Amino acid sequence: MKFGIIKERKNPPDRRVVFSPEELIRLKETFPLMESKVESSDVRIFTDKQYSDVGIEVTNDVSDCDVLFGIKEVPVEALLPNKKYFFFSHTIKKQPHNRKLLQAILEKNIELYDHETIVDSNNNRLIGFGKYAGLVGTYNAFRAFGIKFELFQLPKAETLSGKEALIAKLKRQILPPIKIVVTGCGKAGMGVKEILDGMKIKQVTVENYLTKVYYEPVYVQIDVLQYYKRKDGQVLGNSDFYKNPTEYVSDFERFTKYLICT
């Protein structure tokens with residue numbers, strides 16, 4: 001079976017890729033009968049040369065591949081018929097803007113494996129927003145904050161080498177006594193926390209966040225029942241929220257007067 005890594009064609013361009021050059025080599029060692037090739041791209045985070053240097057074919061034609069891997073939606077005109085595709089189609093929730101994409105997939109007899117639907121034996125998603133989304137999203141939030149209020153200029157996250165480089169840039173900036181809300185304690189939320197803790201920003205309780213005045217930047221991390229409440233006033237736990245979401249209304253407004261980023 002031959003795998004192809006396709007060029008990302010959605011605008012704005014996405015620099016991510018499913019398999020790095022090293023990962024394709026590792027897969028080849030594990031599955032010797034596997035073949036792979038990479039569609040030439042001038043936007044991918046790994047250059048064509050990085051793939052070719054380790055012996056992976058780089059080409060403008062991946063039509064002979066059986067399975068094609070991408071990140072974002074493939075434009076309808078770029079879909080190859082009778083292939084198997086892996087990418088985020090953004091159609092699972094019946095998104096209207098991608099209806100034509102789904103129709104084209106059916107018309108072209110394409111077998112789609114949406115990254116969003118890949119789960120383990122316990123039905124837990126394996127691919128989605130994770131720690132790195134939290135890391136980069138937090139950096140970008142501060143970058144936007146600095147630009148908007150003309151306080152400082154930060155380079156784009158993609159130009160830096162990793163988490164420590166992001167934190168080093170952020171720690172050099174002088175921040176006003178802002179209050180920050182982090183919603184959620186999942187992988188992305190904990191990525192946010194890593195950046196804030198790395199910056200030595202103080203974490204405070206919900207009560208103190210809402211009632212105290214601070215003369216330094218602070219943040220609070222809240223879980224779902226701290227920004228949603230039951231309509232009848234009962235407190236029944238997270239399982240009830242997920243089982244009966246229509247019985248809840250947002251209680252987030254109490255935080256919004258202070259909100260800087262989420």
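I began with helix H3 and found Leu101, Ala104 and Ile105 buried; buried here means under 20% relative accessible area, exposed over 50%, and partly exposed in between, with a 1.4 Å probe and protein chains only. Viewed down the axis of H3, the buried residues fall within an arc of 105°, so they line one face of the helix. The arc is taken over the directions from the helix axis to the C-beta atoms. On the other side of H3, I noted Lys100, Leu106 and Glu107 as exposed.

I record the basis of these entries here: the model is predicted, local features need pLDDT of at least 70, side-chain atom pairs count only at pLDDT 80 or more, and totals for chains, interfaces and linings use all residues. Residues are numbered from 1 along each chain as its sequence is written, and side-chain values use heavy atoms, with hydrogens and water left out. Helices (H or I, at least four residues) and strands (E, at least two) are DSSP runs, numbered from the N terminus.

I looked up what covers the buried residues of H3, and the cover includes E5 and E6; contact means heavy atoms within 4.5 Å. E5, helix H3 (residues 99-107) and E6 form a right-handed β-α-β unit. A crossover is called right-handed if, with the strands pointing away from the viewer, the path from the first strand over the helix to the second runs clockwise. Just after H3, I noted a positive phi of about 55° at Asn109.

I then followed the strands, taking two as paired if DSSP finds at least two bridges between them. E1 pairs with strand E2 (residues 35-39) in the parallel sense over four bridges, and Phe3 has Ser36 in E2 as its bridge partner. Helix H1 (residues 21-30) belongs with E1 and E2 to a right-handed β-α-β unit.

E1 is also joined to strand E4 (residues 67-69) by three bridges, again parallel, with Ile5 opposite Phe69.

Which faces of strand E1 (residues 2-5) are covered? I found that both are: Lys2 and Gly4 on one side, and Phe3 and Ile5 on the other, are all buried. In a regular strand the side chains alternate between the two faces of the sheet.

**The sheet E7-E9-E8**

I found an open sheet of three strands in the order E7-E9-E8, with parallel pairing. E7 and E8 stand at its edges with a single partner strand each, so one side of each is left without a neighbour in the sheet. Five bridges join E7 and E9 in the parallel sense, and Thr183 has Ile222 in E9 as its bridge partner.

**Helix H6**

I checked the length of helix H6 (residues 187-198): at 1.5 Å a residue, its 12 residues should span 16 Å, and its end C-alpha atoms are 16 Å apart, which agrees. The expected span is 1.5 Å times one less than the number of residues.

The buried residues of H6 are Gly189, Gly191, Val192, Lys193, Ile195, Leu196 and Gly198. They pack against helix H4 (131-148), helix H5 (163-171), strand E7 (179-183), strand E8 (202-203) and E9. Lys200, which follows H6, has a positive phi near 65°.

**Gln221**

Is Gln221 buried or exposed? I found Gln221 buried, at a relative accessible area of 13%, in strand E9 (residues 218-222). Its side chain reaches the backbone oxygen of Gly184 at 3.0 Å. Leaving aside neighbours within four places in sequence, I listed the contacts of Gln221 as Val182, Gly184, Cys185, Gly189, Met190, Lys193, Gln203 and Gln226.

**Asp232**

I located Asp232 in the loop between strand E10 (228-230) and helix H9 (238-243). Asp232 is partly exposed, with a relative accessible area of 45%. Its side chain makes polar contacts with the side chains of Arg230 at 2.9 Å and Gln234 at 2.7 Å. A polar contact is a pair of N or O atoms within 3.5 Å; within protein, one must be able to donate a hydrogen and the other to accept it, and residues adjacent in sequence count only if both atoms are side-chain atoms. I also noted that the C-alpha atoms of Asp232 and Tyr248, 16 residues apart along the chain, are separated by 8.6 Å.
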